[in-house]
Amino acid sequence: LSQTIVKLAGCASTVLAAVVWGSRRIKAERRRTAELEALCRLVGEIGENIAHFGTPLPEIYSGYSDDSLDGCGFLSLLRERGMTAALDAHLLTQSDDVTAILYRFSHSLGGGDRTEQTELCEYTKKRLSEALAVRKSESRDKEKLWRTCPVLIALAAILLVIQ
């Protein structure tokens, strides 16, 4: 009887660990998507402020707020040392493609007249929005995968061990 209880407890803990692991993967994927949405809004905000008000970048940065970017420390570093330094800190959980877009934006930002800067912001926001659309379409499939595969693998492992 005690051996059966130990086996059942082991099986339950294995399945529970698989569910928790899958849930954490889903949460991380959602965090990456929310972070990319926040970056799109940030670039849009920069563009709007430059186009309509000619606001200097430090003022734009200090006036912008977002929970996703505040939580990882990106915004505080952005306010203190600028966009390139904030990107260099690797606080964002974005793909290499998105990071490359942001670096190009960062290096070009602040140089040129208002029209050029506005166009740069629009172009960058468009590229980030395209990446966001791809991420959203892929994340649905990934969430299904992270909900089912870990549990199925845990159950397969349990079947192998119980025999």
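This is a predicted model: local features need pLDDT of at least 70, side-chain atom pairs count only at pLDDT 80 or more; totals for chains, interfaces and linings use all residues.
## Fold and overall shape

Along the principal axes, the C-alpha atoms fill a box of roughly 80 × 30 × 20 Å.

Residues are numbered from 1 along each chain as its sequence is written. Local features need pLDDT of at least 70, side-chain atom pairs count only at pLDDT 80 or more, totals for chains, interfaces and linings use all residues, and side-chain values use heavy atoms, with hydrogens and water left out.

## Burial, contacts and charge

Of the 163 residues, 35% count as buried (under 20% relative accessible area; exposed is over 50% and partly exposed in between, with a 1.4 Å probe and protein chains only). The chain exposes about 9,900 Å², and carbon and sulfur atoms supply 58% of that area, by the Shrake-Rupley method with a 1.4 Å probe. Among contacts (heavy atoms within 4.5 Å) with a separation of 6 or more, 62% join residues 24 or more positions apart.

The mean positions of the 21 positive and 21 negative charges are 11 Å apart. Lys and Arg count as positive and Asp and Glu as negative, without His and the chain ends; each charge is placed at NZ of Lys, CZ of Arg, CG of Asp or CD of Glu.

## E29 in helix α1

E29 lies in helix α1, which covers residues 2–52. Its relative accessibility is 8%, so E29 counts as buried. Leaving aside residues up to four places away in sequence, E29 touches R135, S139 and K142.

A89 sits in the loop between α5 (83–88) and α6 (96–108). With a relative accessible area of 32%, A89 is partly exposed. Its C-alpha atom is separated by 8.2 Å from that of F74, 15 residues apart along the chain.

Helix α6 has 13 residues and reaches 18 Å from its first C-alpha to its last, close to the 18 Å expected, which is 1.5 Å times one less than the number of residues. Its buried residues include V98, I101, L102 and F105. Their cover includes α1, α5 and α7 (114–162). Just after α6, G110 takes a positive phi of about 95°.

Notes
Helices (H or I, at least four residues) and strands (E, at least two) are DSSP runs, numbered from the N terminus.
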